[in-house]
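Here are a few notes to read with the model open beside you. Take them one at a time, and find each spot on screen as you go.

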Amino acid sequence: MRGRVWRLVVFLFVLGFTLNLVGIVSHVVVSSLAKRWFATPLPGAFTTEWYAYSWREFQLADVLSVTAMVAITVTALALLLGFPAAYVLARRAVPAKNAVLLLYFLPLLIPQMTYGIPLATSLYRYRVGGTIAGVILANLVPMLPLAIFVLLPFVEQISESLEWAARVHGAAPRQVFRRVVLPLAVPGLMTAGLLVLVNTVANFELTFLLSGAGSQTLVVALYYAVFAAGMRPIYSVDAMAVIYMGIVLLILLVALRFVRPTQMVFRLGGR
């Protein structure tokens with residue numbers, strides 16, 4: 001009896017969440033295509049002119065190029081710096097390892113505004129704030145720990161016996177890392193890259209604090225479109241929101257074609 005009640009509760013929760021999500025997304029999509037929409041279940045006429053208006057009015061070509069540059073650079077730097085760090089944490093007896101991991105974990109635990117404001121103050125003092133470089137540096141603060149924590153279990157599950165065997169056959173440490181560890185860690189690198197990429201595109205607080213006129217990502221530009229001074233048709237803002245949702249969904253669909261975030265690296269042999 002309890003099992004049936006529990007399954008019913010879970011089903012109703014999932015159903016309610018799905019209907020709520022579909023309802024919100026559908027409303028935004030329909031509004032972005034509406035010619036006019038007042039007090040009727042559906043608009044009287046549909047148009048795509050709001051997308052052209054948004055592209056022109058909000059300079060989305062420049063915004064999207066900045067978003068792509070920031071997201072790709074942050075992802076590349078997070079993997080380039082995070083993979084060696086994860087390898088050292090997994091393979092070496094690091095002093096106070098738990099304290100180090102906790103320190104890495106803090107930017108993911110505490111609200112970004114808590115450290116974002118002093119970080120922005122420091123970067124503006126050195127004239128880095130308001131630039132694309134400042135946005136990249138700010139996003140690296142939480143994204144680098146995220147990459148490390150995703151990569152750490154993948155590295156730990158690669159058997160050290162494979163590295164020992166390579167050394168026995170004369171491979172140098174650099175060759176072992178490049179030819180043994182790195183190929184086996186590819187699933188972890190792809191998973192970490194996917195999560196860092198999506199989170200960077202969606203990151204608002206730090207990007208908002210550090211971005212300037214020419215360094216806004218799409219999510220910050222969407223915020224300014226809604227709350228900045230001046231009158232803007234709500235339909236054009238909805239069209240911009242649909243473009244943002246479409247880009248994020250496209251990234252997810254393309255990435256999930258090659259990566260399963262739940263996949264694991266199976267241990268090959270014992271330690």
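**Notes on the predicted model**

1. Let's start at one residue. Asn-203 sits in the loop that links helix 9 (186-202) to helix 10. Keep in mind that what you are looking at is a predicted model.

2. Is Asn-203 buried or exposed? Its relative accessible area is 5%, and buried means under 20%, so Asn-203 counts as buried.

3. Who does Asn-203 touch? Setting aside neighbours within four places in sequence, Asn-203 is in contact with Gln-112, Asn-139, Pro-142, Met-143 and Val-219.

4. Now zoom out. The protein chain has twelve helices and two strands. Going along the sequence, the order is α-β-β-α-α-α-α-α-α-α-α-α-α-α, so you can follow the pattern on screen by reading from the N terminus, where the numbering of helices and strands begins.

5. For the overall dimensions, the C-alpha atoms fill a box of roughly 75 × 65 × 30 Å along the principal axes. Of the 271 residues in the protein chain, 38% count as buried. If you take contacts between residues at least 6 apart in sequence, 75% of them join residues at least 24 apart.

6. Within helix 1, the buried residues include Val-28, Ser-31 and Ser-32. In general, an α-helix has 3.6 residues a turn, so residues three or four places apart point the same way.

7. Next, look for the largest pocket, which has a volume of about 260 Å³. Its lining is made up of 14 residues, and Phe-58, Gln-59, Val-63, Ala-213 and Gln-216 lie nearest its centre. Helix 3 (60-91) and helix 11 (218-227) each supply at least two of the lining residues. By class, the lining has seven nonpolar, four polar and three charged residues.

8. Last, how far does the predictor trust itself? The protein chain averages a pLDDT of 84, with 93% of the residues scoring at least 70. Confidence is lowest in helix 7 (residues 160-168), with a mean of 78, and highest in helix 10 (residues 205-210), at 92. Over residues 264-271 the pLDDT is below 50, and that stretch has 23 contacts in the model beyond near neighbours in sequence.

Definitions and conventions: Residues are numbered from 1 along each chain as its sequence is written. This is a predicted model: local features need pLDDT of at least 70, side-chain atom pairs count only at pLDDT 80 or more; totals for chains, interfaces and linings use all residues. Side-chain values use heavy atoms; hydrogens and water are left out. pLDDT is the predictor's confidence in each residue, from 0 to 100. Helices (H or I, at least four residues) and strands (E, at least two) are DSSP runs, numbered from the N terminus. Contact means heavy atoms within 4.5 Å. On a 1 Å grid over the protein atoms alone, a cavity is a set of points where a 1.4 Å probe fits but cannot get out, and a pocket is an open set with protein on both sides within 12 Å along at least five of seven lines; lining residues have an atom within 4 Å of a point. Grid points are joined across faces, edges and corners, and a volume is the space filled by probe spheres set on the points. Ala, Val, Leu, Ile, Met, Phe, Trp, Tyr, Cys and Pro count as nonpolar, Asp, Glu, Lys and Arg as charged, and the others, Gly among them, as polar. Buried means under 20% relative accessible area, exposed over 50%, partly exposed in between (1.4 Å probe, protein chains only).
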